[in-house]
Amino acid sequence: MYKAPVDEIAFTLKHVAGMGDALQSGALGDLGEDLVDAILSEAGRFATEEVAPLGDIGDRQGSRLVGGKVQTPDGWRDLYHSWIGGGWNGLTAPEAYGGQNLPHMLHVAAMEMWNAGSMAFALGPTLTMGAIEALEKHGSDALKATYLPKMVSGEWTGTMNLTEPHAGSDLGVLKTRAERRDDGTYRIFGQKIFITWGEHDFTDNIVHLVLARLPDAPAGTKGISLFLVPKFLVKADGSLGERNDLFCHSLEHKLGIHGSPTCTMIYGDGKFGAEKGAVGYLIGEENRGLACMFTMMNNARLAVGMQGVAIADAATQKAIAFAKERTQGKAPGWTGQGMSPIIEHPDVARTLLTMKALTQGSRAISYACAHAVDMAHAAEGEKAKYWQERSSLLTPIAKSFSTDAGVDVASMGIQVHGGMGFIEETGAARYLRDARIAPIYEGTNGIQAIDLVTRKLPLSDGAHVRGFIGELREIASAVRASNRNGFGETAARLDAALDDLSAATEWLIAAVAASKLAEALAGATAYQRLFGLALTGVYLAKGGLAEVSDAKEDQRIALCRFTAENLLAETAALKDRVVNGADSLAVARAVLA
Amino acid sequence: MHIVVCIKQVPDSAQIRVHPVTNTIMRQGVPTIINPYDLFALEEALKVRDHHGGEVTVLTMGPPMAEEALRKALTYGADRAILLTDRHFAGSDTLATSFALSQAISQIGNSFDTPDIVFTGKQTIDGDTAQVGPGIAKRLNLVQLTYVAKITSIDLSARAITVERRSEGGTHVLKSELPCLITMLEGTTVIRRGSLDDALRAARSEIVKWNAAEAGIEDITKCGLRGSPTVVKRVFAPTPREQKAVQIDTTEKRVHDIANELVASIFTHQPALQHELSSAGSA
Ligand SMILES: Cc1cc2nc3c(=O)[nH]c(=O)nc-3n(C[C@H](O)[C@H](O)[C@H](O)COP(=O)(O)OP(=O)(O)OC[C@H]3O[C@@H](n4cnc5c(N)ncnc54)[C@H](O)[C@@H]3O)c2cc1C
Ligand SMILES: Cc1cc2nc3c(=O)[nH]c(=O)nc-3n(C[C@H](O)[C@H](O)[C@H](O)COP(=O)(O)OP(=O)(O)OC[C@H]3O[C@@H](n4cnc5c(N)ncnc54)[C@H](O)[C@@H]3O)c2cc1C
C-alpha cells in the first residue's frame, strides 16, 4: 500500500526545487521549516491513512449514474468531508475567502500525495481549485462574495466545462450558446462532454465554469466568454434556491480513474426551471473567456503533472515491495539459499532504478516549476519577469514529462510484477489505467510540446532558456568540482546532455524564427522529452550535492550516477530526432495516405 | 479539567544504526519523533478534554530543538506547550528528570491551573526505564495508575476515575480519585491527524520556555549531571551468537514425531535443561 514519502518530498522541495532559499530570503512570508514539515506530514498521513485505502474500491465500483444522480464509490463521500474538514481545500486559496494563501510548492507536494492515494478522488479538488483561481482573478465582487467562501471551504465544488464533441484541443470552434438577459444575467444552451466531477453526491451545489459563445461574438477563440453556472441558483441570503436548467445526461465508461465521474452535461434543455436556458453569470468581460481560462491554465497543467509524479511514485513503491518478496531463479552472484528475490536480478534492479529516477526527476521538475510560480508572485520588476518566464518555460515540461513518466513507470511496474501485474487484484494495473489519461487532458502532451517550442523558447528572444541552460551547466560544474565519492562519470554525462539540449534549443529557436514551423514541430515532442531528461539528470545531481546528513546521501549520489550513466545517453538520440528528423518525416507521410 | 502530558523527544529507533566497527550508536541524521507511548498519552488526554472540557498542557524537558515535538503536539490539538530547557538540566538521569518535571508541574499548577491528571508514557524507546512517571507521582504525591490501556470513565463531580490496567494474563479495572498520574500503554490505536488549521495554529503559537528558576526550581544541585547518581558505564551492542537455523523435513512425518524429535534435539544441545526440567517434574 502507498505510503507518502514525506521525507523525500521535503528534501526535494528544500534542497532541489529552491524552497530552502525561498524560506531564508523571506519570500514565503512567515512560513518556516517547522510549518512546512508539519503540513507535509499531516497531508501525507491523510493520503496514506485515508485516501489510499479507498483507492481500490473507487476503481472497482466506479461512480454510477442512478436515476439522474451520480453515486460515488462507498466511503468516498465521507472521505471528501473528512478531507475538507481538515481544511485542505483552502491550502493556497486567498485568505479573504477563508483560504490559507500558502505557497504553491506546498500545494503541489500535497496534491502529489493525495493523487498517489487515489488520482480519481484528488481530481475533483484539483478542478475546484482551478475554478476558484479563475473566479478570484476575473469574477465580479458580487460573484466572488457569493461563491468563493463555499468553494474555498469545499462546501461546494467547481468544474471546468470546455470540451465539446467537435471542440477539444481547438476550443475556437465550440458551439455552446449564451444569450443576454435584461437583468445582466445570461442563459446558456448547449452540450459539454468529458466534464470531470460534473455531477456527484459529495456536496449540495456544484459551480460550473462554462465556455460559451454570444450571438454576436467574433468567430474563433476571440469570441468565447466564460460563465459561472451553478447547479442550484443561490438566493440573496446565500441559501440554495431553484434548480438551474442543466443536468448530467450520462457518464463515460473509461479505461481508468473510474471513481471520477466523467459527465456529458446538457445546458438549457428545459428540463428544470420555468424558462428554458441555464442561468449563467459572466466572469470577466464578454469575448475574453479564453484569456480568463488561461490565467489558471498554468497551475492546472502543473496539477496534472503532479498526477504523473504521484502514480509514478505509487507504482514504484509497489514494484519494489513486490520485487523483494517474489523469488525466482538465481541471480548472478546469489549465495543465499534457494531462489533469489527478483530484485537481485540485474534486469529487475535496472527497471526499478529507472522507475525511481523518472519519479524523482519529474517530481523535481514539477516542484521547481511551483517554486517559480511562488517566486513570480513574491518578486517585483525584472525578478518577477524572470520567474514568470521560468514558470512558463517549465510548465509544459512538468506537465508532459511527468505524465509520460506516470505512464512509463506504471507500465514498468506491471512488468516487474510479471503475470501478477496483469491481474487486476494486484493493483499494479490500476496505476497504468489511471495514469493513461494524464498525458491527454489539460492540453495533450503534443499540444504542450507545441507550446514549449513556439511560445516558450522565444521568451525574451531566447535569452531565458539560454540563461536557464547556463544555470544547469553550473550544477554540472559543481559535480565536477565536488570531492565527494560516487559521482562516477556524472559530470561528463551531464555536460553531454546539456550540449544536446543546447544544440536542439538553438536549432528550434532558429527554425521558429525562420517560420519553418513544420520542421520545428516535427521534433517538438522529442525536444520536450530531451529537456525533461536533462533536467532529471541535473536535479538528481543537485540533490546529490546537497549537504544534508540524513543517512541518505550515498543513495542520492548513487541514483544520480545511475541516471547519468544509464539514462542520459538518450539525449543524443533525441537531439538527433529534433535536428535531423523532419525531412524523412515529411517524405514518409505518404506512407500514411 | 486541566491535563498535563509529559512528552519526550526521542530518536526514531527504527532508523538507528549501530556502527559496525566502533559499536557506537550512529545518531547523526536520525530523525526525532515523539516517544510513541507519549503520543498515546496525548491522544487519551485530548479525548478526555474533548469529552469533559478543559485544557491540555504538554510539557517536555530537553534541548531547544525539542520545540519541534511540542509543536507537533499542538498540531494534534494541545492547548499549551511548555519547554523546560536550561543547561543545568543536561545529563539528567531518571531521578533528576523526575525531579525537574515534578517541579515544573507544580509551577504549571501555580501559573495556570492545578492539573487533575498528569499523563506520561509507559516508558521511552531510548531510555526505556519506565521510572519517570512513578518518580513524578511520588514527588507530587499523586495516585499513580501505571500501564493504563484505557480510561473507562471519569466522574468530575465525584472526582473519580476508572481505568483498565493491563497486567500479565489479564486486565485490572481500577477505580481511583483525581488528581492522579497515569502512565499510558498503546491505548488507542488511532492517533488523530492534525488539520491544516491546526498545523498553522501550532506553528504560529508561542511556546512557553522555562529555565530552572522559572520552573520554580531552587535547588539546582538536584538537576542535571549533579543531581544524577546514575552513570552509564558502557554502551555496547551484544555480539549476536550466530547459529544456523535447522530445517526439518516434514513431508512424511506426523506432527507428534516432529515435536519429539525437536525436543530431543534441543536436549542434545542443552543437556542441563533436560536435567533441570526432569528434576522439576519429579519434585
Ligand atoms: C477522463 C477525461 C476527463 C476530462 N475532463 C475534462 C473536463 O473536466 N473539462 C473539459 O473541458 N474537458 C475535459 N476532458 C477533455 C480533454 O481535455 C480533451 O479530451 C483534450 O483536450 C483533447 O481533446 P480531444 O479529445 O478533442 O482530442 P483532439 O483535440 O481531437 O486530439 C486528438 C489528437 O490530435 C492531436 N492534436 C490535436 N490538435 C493538434 C494540433 N493543433 N497539433 C498537433 N496535434 C494535435 C492531439 O495531441 C491528440 O493526440 C476530459 C477528457 C477525459 C478523457
Ligand atoms: C544512550 C543514552 C545515554 C544516556 N546517558 C546518560 C548518562 O550519561 N547519565 C544519565 O544520568 N542518564 C543517561 N541517560 C538516561 C536519560 O537521561 C533518560 O533517558 C532520562 O532520564 C529519562 O528516562 P527514560 O528515557 O528511561 O524515561 P522513562 O522513565 O522510560 O519515561 C517514562 C515517561 O516519562 C516521561 N518523560 C521522560 N523523560 C522526559 C522528559 N525529558 N521530558 C518530559 N517527559 C519525559 C515521558 O512521558 C515518558 O514516556 C542516557 C540514556 C540514553 C538512551
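How do the residues of the shell around ligand 2 divide into nonpolar, polar and charged? They divide into 11 nonpolar, 17 polar and 5 charged, where Ala, Val, Leu, Ile, Met, Phe, Trp, Tyr, Cys and Pro count as nonpolar, Asp, Glu, Lys and Arg as charged, and the others, Gly among them, as polar.

The model is predicted: local features need pLDDT of at least 70 and side-chain atom pairs count only at pLDDT 80 or more, while totals for chains, interfaces and linings use all residues. Residues are numbered from 1 along each chain as its sequence is written, and chains are lettered from A and ligands numbered from 1 in the order in which they are written.

**The ligand shells**

A residue is taken as near a ligand if its C-beta atom, placed from the backbone, lies within 6 Å of it. The shell of ligand 2 holds 33 residues, of which D93(B), G121(B), G127(B), T129(B) and V132(B) come nearest. At least two residues each are supplied by α1 (36-52), β6 (55-61), α3 (94-111), β8 (117-121) and α4 (132-140) of chain B; helices (H or I, at least four residues) and strands (E, at least two) are DSSP runs, numbered from the N terminus.

Ligand 1 is surrounded by 18 residues, the closest being L162(A), G168(A), S169(A), T196(A) and G446(A). Two or more residues of this shell come from each of β3 (157-161), β5 (186-196) and α13 (445-456) of chain A. By class, the shell around ligand 1 has 9 nonpolar, 8 polar and 1 charged residues.

Two helix pairs are listed below. Axes are lines fitted to C-alpha atoms, for helices over the stretch in contact, and angles run from 0 to 180 degrees between N-to-C directions.

| Helix pair | Angle | Axis distance |
|---|---|---|
| α1(A) (6-16) and α3(A) (33-61) | about 140° | 10 Å apart |
| α10(A) (381-417) and α17(A) (524-545) | roughly 90° | within 9 Å |

Angles under 35 degrees count as roughly parallel, over 145 as roughly antiparallel, 65 to 115 as roughly perpendicular and the rest as oblique. The helices α1(A) and α3(A) are therefore oblique to each other. In this pair V6(A), I9(A) and A10(A) of α1(A) meet V36(A), D37(A), L40(A), S41(A) and G44(A) of α3(A), contact meaning that C-beta atoms, placed from the backbone, lie within 7 Å. This contact comprises 5 nonpolar, 2 polar and 1 charged residues.

By their angle, α10(A) and α17(A) are therefore roughly perpendicular. Here P396(A), I397(A), S400(A) and F401(A) of α10(A) touch Q528(A), R529(A), F531(A), G532(A) and L535(A) of α17(A). The classes in this contact are 5 nonpolar, 3 polar and 1 charged.

**Chain B and its interface**

Chain B is divided into domain 1 (2-222) and domain 2 (243-283), with bounds from an automatic or database domain assignment. The C-alpha centres of these two domains of chain B lie 47 Å apart.

Between the chains, 15 residues of chain B are in contact with 17 residues of chain A. On the chain B side, α2 (67-75) and α5 (196-204) each supply at least two residues, and the largest share, 6 residues, comes from α5(B). That side of chain B divides into 5 nonpolar, 5 polar and 5 charged residues.

**Backbone features**

Most residues other than glycine have a negative phi, and most peptide bonds are trans. The peptide bond from L178(B) to P179(B) is cis, with omega near 0°, and P179(B) is found in the loop between β11 (170-177) and β12 (180-184) of chain B. N101(A), which is not a glycine, has a positive phi of about 55°; N101(A) lies in the loop between α4 (76-85) and α5 (104-117) of chain A.

Key:
Two residues are in contact if their C-beta atoms, placed from the backbone, lie within 7 Å.
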